[in-house]
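Me: I would like to know how the terms used for a structure follow from their definitions. Please take them in turn.

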Amino acid sequence: MFGRKGRSRFAWLLLAASFAMVLAAACGGDDDDSGSGGDVTYGKAGFKTVEIAAGQPIKIGYSGPLSGDLKGIGEPILKAIELAAKDKTIKGHSIQIVAKDDLCSADGGASAATQLLQEGVVAVVGPICSGAVVAAQPQYEQAGITHVSPSSTAHKPTYPDRGQVFETFLRTTYSDDIQGPAQAKFAIQTLGAKTAYVVYDTDAYGTGLRDAFTKAYEKEGGKVVGSEGFEKKQTDFKAIVTNIKNAKPDLVYFAGFYSEATPFIKQLRAEMKDVKFLAGDGVKNDEFIKGAGADAEGAYLSLPSPVYTGEAYKTFGDLFEKETGIKRDASPFVAEAYDAATVIIRALEKVAQEKDGKLVIDLKKLNEEIRKTELDGASGKIKFDARGENVGGETPVSLFQVKNGAFEQLKQ
Amino acid sequence: MPVALTLSVSFWSDQFVNGLTTGSLYALIALGYTMVYGVLKMINFAHGEVFMLGSFAGYGALVAMGGNELSGPVIALAILGAVIVAMSASVSASVVIERLAYRPLRGAPRLAPLISAIGVSIFLQYLVLEQTSARAKFYPDIFPRGSIGAGPFEITYIQLFLIASSVAMMALLYAVIQRTRLGRAIRAVAENPTNASLMGVDVNRTIVFVFILGAAMAGVAGVLYGLFFQTIRGSMGFIPGIKAFTAAVLGGIGSIPGAMAGGYVLGLAETVGRELLNELPGVNLGNQWRDVIAFTLLVTILIFRPTGIFAQRSTTRA
């Protein structure tokens, strides 16, 4: 088709075109989808009515990381859910937790959703990670299965791209729209950090937190002097550290999980001993201190959870430690997970009806009942708005610093 | 988001050192690909996993010797011990793989050993992922921190150690290939196995030695990787494996100097190359772009120089 010369000209053309596309994509920047408030319009959720035969358990699903680096987040959460369902019966039917490992990934979230729907769950706690939530939402919506995440904090699940809010999604934790600004305020007012370098996971959680923090930080008068993304499982942060060293920020802000924060902070501390380090809920985990050792010292972490003071948290915490042998604050979101399961079970108790020896559950009514929840839960007050956002709490962000190998809560 | 970099000399020298560091690792691993290709005309896709196994063996050795508790001059001995253990592990794995997965397919069509190699790669990767429940392990943090240098030119001890030991290993390998009987046999087999066997070279034995040499390099790379990045996991072999393969192709697959050069070119392109592109007005390529840059480079070079930078002189063999 091409002569020799033609072929090489074609190759040049192809190369130039691909390079131009790379540049265009690189300069395009991210779309600003952070619309605020506004009217909430739901898509069409496929609510059905399900029947459960006599003697069969009611199945509640769980989707979260149960193997891999982030097992340390997913496993304690599952234990808390199982605790909430333990020994509970609804009109003679026991409750069974069906757990699926989604590895905290988008692919995993979608495939766990498929599996859980096939298992015939009536509701789901999870997914745990925002990346998985975003990937799984359409499936749950289509099947009319309400899912309550105890830990997905990203902006996107409650502000989806296409404008229609998912009716089947709710969360018992708080959005990064709250965590990001709280971190920014802390960085400026308490730490006195005027410049920040932002390092983020490129998934829905990392980019969401990055945007929320950056916006609030700049509004507070801070300056973001650079930002770089990374992929999950990346271990080579050397080039990023060199860029940070060059930019000389007061603060390094990390939006991601402890699995990458651990190698990152080791490489950062090898060259910059004194720069302040601030990260969110994905890093606030005992695994971070275990992995990073002395390099974790002095790191600041935030958690979109209230300062747990309620009696319900104490009761839950004691029970959790007794039943599972895991410390109540070793990993975040266990109280939120207990509450998410409780919210679902309470609604089931009200909605489930006996009919001809079978248990009949109207998924639409279940969804409505869950949305009407008002609970004084282990993690604080829980009440949902139309987007599925928890609006119950009063001081929904707490801050910590690593001191002597432990997280110490800071006074606010 | 604008990145305001006041690009200083020290910045460029740091990035250059970073490029040399990753480049050294790529080069060490790439040698295994290129040598096996040289004698068998086969791409050993399990080589990334041989590297991974070496890294895990080195980790096990360091932990057994005391891990984070090690201090003082003992550290040097411990690292040497870890390197030896890692090399032995990689070499044994590689020899077993060759015997079980490649040799029975010696006469088969070229795709068969390739598929077999991919199978071995996936098998080993998931075996280790399963054994570690897919969680990362952290290398003991024993290498002394700090750096050496003058003015804007600085290099951390670990980076200096990594680059120096890679270069030493490569020099050693090059001497073995060029100066010894074994090396001559390897070169003869690479040129023409039938002729070599007619001249009295034991072809099967020579091929095993090629696997041994390549795996030893990968084992060293495994420990260096662990000491430097400190995080290892069962899937760690995949990306460095692909990158090293790229480096081997870039340099001209089959060529030993080519693999070394390819490794460094790739390492520098990813770090210094990306920052150079960022100097262009309006360009801001984040860290995630480094793979795009690496593979764009590969495609570009292959379009204009299909045999790689160091093209083999004799490519007549079918």
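Reply: What follows goes through the terms with their cut-offs. This is a predicted model, in which local features need pLDDT of at least 70, side-chain atom pairs count only at pLDDT 80 or more, and totals for chains, interfaces and linings use all residues. Residues are numbered from 1 along each chain as its sequence is written, while chains are lettered from A and ligands numbered from 1 in the order in which they are written.

Me: Why do β13(A) and β14(A) count as paired?

Reply: Strands are DSSP runs of E of at least two residues, helices are runs of H or I of at least four, and both are numbered from the N terminus. Two strands pair if DSSP finds at least two bridges between them. Between β13(A) and β14 (residues 358-362) of chain A there are 3 bridges, so they pair. The two run antiparallel, and Glu354(A) stands opposite Leu359(A) in β14(A).

Me: What makes β1 and β13 of chain A edge strands?

Reply: The open sheet has the order β1-β14-β13 (chain A). Both β1 (49-52) and β13 (353-355) of chain A pair on one side only. From one strand to the next the twist averages 35°.

Me: How is the direction of helix α12 of chain A relative to β14(A) given?

Reply: Axes are lines fitted to C-alpha atoms, for helices over the stretch in contact, and angles run from 0 to 180 degrees between N-to-C directions. Helix α12 (residues 363-371) of chain A runs at about 60° to β14(A), and lies across β1 and β14 of chain A.

Me: What is meant by residues of chain B being in contact with chain A?

Reply: Two residues are in contact if their C-beta atoms, placed from the backbone, lie within 7 Å. In this sense 36 residues of chain B are in contact with 36 residues of chain A. Of the elements of chain B, α1(B) gives the most to this side, with 6 residues.

Me: How confident is the predictor in chain B?

Reply: pLDDT is the predictor's confidence in each residue, from 0 to 100. Chain B has a mean pLDDT of 89, and 96% of its residues reach 70 or more. Over residues 1-5 of chain B, pLDDT stays under 50; over residues 314-318 of chain B it is also below 50.

Me: Which domains is chain A divided into?

Reply: Domain bounds come from an automatic or database domain assignment. Chain A has domain 1 (49-174 + 309-383) and domain 2 (177-303). The centres of these two domains of chain A, taken over C-alpha atoms, are 30 Å apart.
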